[in-house]
Amino acid sequence: MSVDRNTISRRNFLNLGVGAGAAAALAACGSSGPSSTGSGGGGGAASYWILTGQPGQDIRQHSVDRFNSANPNTKIQTTAFQNDAYKTKIKTAIGAGQAPTIIWGWGGGGLKSYVEANQVEDLTDWFSQNAAVKDRLFPSSFGAATVKGKIYAMPAETVQPIVLYYNKKVFDKVGVQPPQSWGDIMNLVPNFNAQGIAPFSLGGQSRWTNMMWLEFLLDRTAGSEVFQNVFEGKKDAWSDPAVTDMLTKVQDLVKANGFIKGFSSITADSNADQALLYTGKAAMMLHGSWTYGSMASAGGDFVSGGHLGYMNFPPVEGGKGDPTNTVGNPGQYLSISSKATAAQKDIAKKFFTTAVLSDAEIKEWISSGSVPIVKGTESQLAASKDAAFLKFIYDTASKAKTFAQSWDQALSPTAAETLLDNIAKLFQLSITPQQWVANMNEVIGK
Amino acid sequence: MTTLAPPTAPVGQHTTTTTTTASGGRSGPVVWMALPALVMFVGFGVIPLVGVLALSFTTWDGIGAIVPSGLTSWRAVLSDPGLPHALWVTFLVMILSWAVQTPLSILIGVFLAAHKRYRGFLAVLYFIPLLLSSAAISITFKALLDPNFGLATGLGIPFLAQDWLGQANLALGVVIFVVSWQYIPFHSLIYQGAVRQIPTSMNEAATIDGAGRVRMFFSITIPQLKYTIITSSTLMVVGSLTFFDLIFVLTAGGPGDATRVLALEMYQTGFQANLMGPASAIAVILVLVGLALALILRRVGGGSASESQMEGA
């Protein structure tokens with residue numbers, strides 16, 4: 001008897017333990033409750049969470065180090081997180097009232113959700129009192145920092161348009177020219193496939209990498225208005241015929257084996273997609289300007305030897321979109337937690353005024369192959385070893401008729417997750433363009 | 001899990017009379033001994049569970065205020081075609097990984113149970129996968145199976161250059177393979193111990209009666225392992241509900257949603273889409289499924305109390 005009873009209760013315990021494990025993951029953010037200060041650092045110090053990954057991590061840390069040595073009494077403590085882990089961590093921390101003083105982010109829909117929960121400071125008045133801080137930055141960078149006419153974040157770091165990269169060595173080997181139109185792209189696909197080279201590299205498991213294709217194709221065919229309607233929450237905004245047309249084009253490219261074999265299991269975080277381009281296994285890659293630096297450091301003489309080509313996404317035949325338009329990150333964003341103490345907020349504001357995009361930081365960003373969002377850096381860019389690429393990025397960003405923010409950053413996290421999910425299925429050919437439109441229309445304005 | 005289980009001292013008592021009196025006389029101390037486990041269990045098991053149940057009737061984005069919203073979250077979850085799909089994938093992973101692991105674990109367990117030195121050495125080697133974290137295993141397999149830079153290119157074997165994690169059926173197969181690779185050592189260990197407890201007199205008697213190895217395996221070893229099989233199966237089945245880290249790192253639920261199990265669906269709904277209400281509802285469903293499975297296995301396995309597997313009974 002006792003044998004049996006013990007076995008039963010062991011199972012019950014076991015089973016409940018499993019449920020508890022699943023439940024604990026969720027409840028972790030609910031039960032910890034709001035703390036009074038929201039200080040991640042403790043004491044009078046302000047806290048600041050930064051992203052790992054070079055060269056950005058060192059540059060962010062150096063700025064904080066310079067600030068700390070100039071202000072030994074009001075220090076900022078940093079904690080570094082990996083990109084995708086940070087996205088989850090910061091949301092959970094803010095929800096639990098444990099946010100750092102300075103909240104690093106991408107602006108747009110994520111920032112809006114913080115604003116709606118009253119978690120970040122309104123910086124509108126501060127910027128009008130400190131006009132010098134505002135006026136030196138690209139005006140276009142403030143769009144994603146603004147929610148309902150008020151500024152909630154300080155634009156920082158670099159401008160990052162999405163660029164069409166190509167491997168010149170591969171193009172020479174196959175004897176073809178870089179594409180000037182969507183038709184050219186589709187014509188190039190069989191040429192490269194015949195040589196055993198993938199036309200496009202893609203880190204499809206990360207999903208937002210696939211999204212860049214949709215962003216450009218929709219913009220080139222129908223202009224920036226269609227997504228603007230989605231952004232503004234207009235009912236059935238995805239039903240525009242241009243969307244179905246664009247989705248069909250994407251699936252045509254997938255069906256023509258336009259992307260590297262196994263793209264849906266490649267992650268962008270591992271930089272394997274970049275490796276495919278610089279090792280010549282793929283001919284082209286649509287990716288953010290931030291990949292230039294890592295391709296330069298990891299790709300041997302690929303960048304320094306001039307084998308990397310780059311261009312803005314080509315126009316689509318008969319499309320209405322302006323070919324100067326671009327998408328990407330108009331900047332990165334620093335907000336101040338509304339739960340921080342007054343002293344911490346002052347430290348953060350002082351950091352914004354004196355350390356963010358200081359001359360030393362600007363220099364570091366430029367030498368890493370990025371364009372800081374500060375006006376009047378043309379001469380410094382021209383003097384850099386990456387002058388040609390930096391001028392291209394500067395011109396792309398500053399001459400774009402519209403610099404659209406990445407869709408997943410512009411939309412709310414809820415809509416963005418549905419978007420990424422459906423994009424992954426679209427590339428997997430497991431849903432049709434019509435199903436995609438129907439699924440996406442359901443989350444408009446959510 | 002062992003810390004949560006109540007003391008099992010009476011197991012192995014040979015005569016029923018001593019067992020009864022012993023457990024009756026010990027009931028006082030036993031309750032006290034269970035107290036630390038109970039405190040942990042209530043604190044980290046029951047209270048979060050109640051919290052999740054409460055959250056499933058609210059709307060919360062994880063950042064702002066928690067707003068009670070009745071059945072809204074439940075309606076959203078139950079009408080979402082993602083739920084039956086995730087349940088189906090969870091079920092597939094559960095059944096297939098059980099079907100792969102159980103026979104292999106029994107065979108390896110029986111093989112290792114024999115007292116031979118070289119088998120002891122092999123047992124140590126077999127045990128290694130269990131020492132690695134799921135994340136490390138996933139990253140390793142992901143790198144090995146990469147169609148462009150993986151094992152196929154390294155060894156020059158074109159057959160291995162499949163799109164292992166990029167095609168729905170292959171990806172599911174890989175998940176089951178990796179799960180099995182990780183957990184077979186553990187279950188083999190359980191079976192090894194159980195096989196060693198089978199009285200040698202049974203096998204000797206069977207040998208005298210002229211039974212061959214295969215006959216002995218099916219007529220003696222398997223029936224004697226009945227309770228071990230049930231224990232091991234319970235661990236596999238209920239454990240498979242919580243596969244998260246491995247799948248998250250290996251495929252992130254992809255390609256598309258081909259390997260998106262219930263636990264992953266819960267994570268993505270809660271922490272990526274910021275829908276804590278529906279995510280809590282999924283968590284409750286996960287708990288209910290786990291409960292139901294454990295009860296079913298209990299029915300199947302421990303049903304008749306009179307049946308004894310002890311020698312001479």
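**Exercise 1. Helices α9(A) and α11(A)**

Task: In this predicted model, find which residues of α9(A) meet which residues of α11(A), then describe the crossing of the two helices.

Solution. 
- Step 1. List the contact. From α9(A) come A:Trp213, A:Leu214, A:Leu217, A:Leu218, A:Thr221 and A:Ala222. They meet A:Ala242, A:Val243, A:Asp245, A:Met246, A:Lys249 and A:Val250 in α11(A).
- Step 2. Sort by class. The contact of α9(A) with α11(A) has nine nonpolar, one polar and two charged residues.
- Step 3. Take the geometry. The axes of α9(A) and α11(A), the latter covering residues 241-255 of chain A, come within 9 Å and cross at roughly 130°.
- Step 4. Name the arrangement. α9(A) and α11(A) are therefore oblique to each other.
- Step 5. The crossing of α9(A) past α11(A) is right-handed.

**Exercise 2. Two partners of α7(B)**

Task: Describe how α7(B) packs with α4(B) and with α10(B).

Solution. 
- Step 1. Start with α4(B). Helix α4 (residues 117-131) and helix α7 (residues 168-197), both of chain B, pack at an angle of about 125°, and their axes are 7 Å apart. That makes α4(B) oblique to α7(B).
- Step 2. α4(B) passes α7(B) in a left-handed crossing.
- Step 3. List the residues. On α4(B) they are B:Tyr126, B:Phe127, B:Pro129 and B:Leu130. On α7(B) they are B:Trp181, B:Gln182, B:Pro185, B:Phe186 and B:Ser188. By class, this contact of α4(B) with α7(B) has seven nonpolar, two polar and no charged residues.
- Step 4. Turn to α10(B). The axes of α7(B) and helix α10 (residues 226-240) of chain B come within 10 Å and cross at roughly 165°. An angle over 145 degrees counts as roughly antiparallel, and α7(B) and α10(B) are therefore roughly antiparallel to each other.
- Step 5. The crossing of α7(B) and α10(B) is right-handed. B:His187, B:Ile190, B:Tyr191 and B:Ala194 of α7(B) make the contact with B:Thr228, B:Thr231 and B:Ser232 of α10(B). The classes are three nonpolar, four polar and no charged.

**Exercise 3. Positive phi in chain A**

Task: Locate A:Asn118 and A:Arg207, give the phi of each, and decide whether each is buried or partly exposed.

Solution. 
- Step 1. Recall the background. Most residues other than glycine have a negative phi.
- Step 2. Take A:Asn118. This residue is not a glycine, yet has a positive phi of about 55°. The loop between α4 (108-116) and α5 (124-129) of chain A holds A:Asn118. With 13 other C-beta atoms within 10 Å, A:Asn118 is partly exposed.
- Step 3. Take A:Arg207. Its phi is positive, about 70°, although A:Arg207 is not a glycine. A:Arg207 sits in the loop between β8 (198-201) and α9 (208-222) of chain A. Here 23 other C-beta atoms lie within 10 Å, so A:Arg207 is buried.

**Exercise 4. Helix α19(A)**

Task: Compare the reach of α19(A) with the expected value, then find how many of its residues are buried.

Solution. 
- Step 1. Check the span. Helix α19 (residues 413-427) of chain A has 15 residues and reaches 21 Å from first C-alpha to last, close to the 21 Å expected at 1.5 Å a residue.
- Step 2. Check burial. α19(A) is mostly covered, with 13 of its 15 residues buried.
- Step 3. Look just past the helix. There A:Leu429 takes a positive phi of about 60°.

Definitions and conventions: Residues numbered from 1 in each chain as written. Chains lettered and ligands numbered in written order. Predicted model: local features only at pLDDT ≥ 70, side-chain atom pairs only at ≥ 80, totals over all residues. Axes fitted to C-alpha atoms, helices over the stretch in contact; angles between N-to-C directions. Helix = DSSP H or I, 4+ residues; strand = E, 2+ residues; numbered from the N terminus. Parallel < 35°, antiparallel > 145°, perpendicular 65-115°, else oblique. Left-handed = near helix turned anticlockwise from the far one by under 90°. Contact = placed C-beta atoms within 7 Å. Nonpolar A, V, L, I, M, F, W, Y, C, P; charged D, E, K, R; others polar. Expected span 1.5 Å × (residues − 1). Buried ≥ 20, exposed ≤ 12 C-beta atoms within 10 Å, placed from the backbone.
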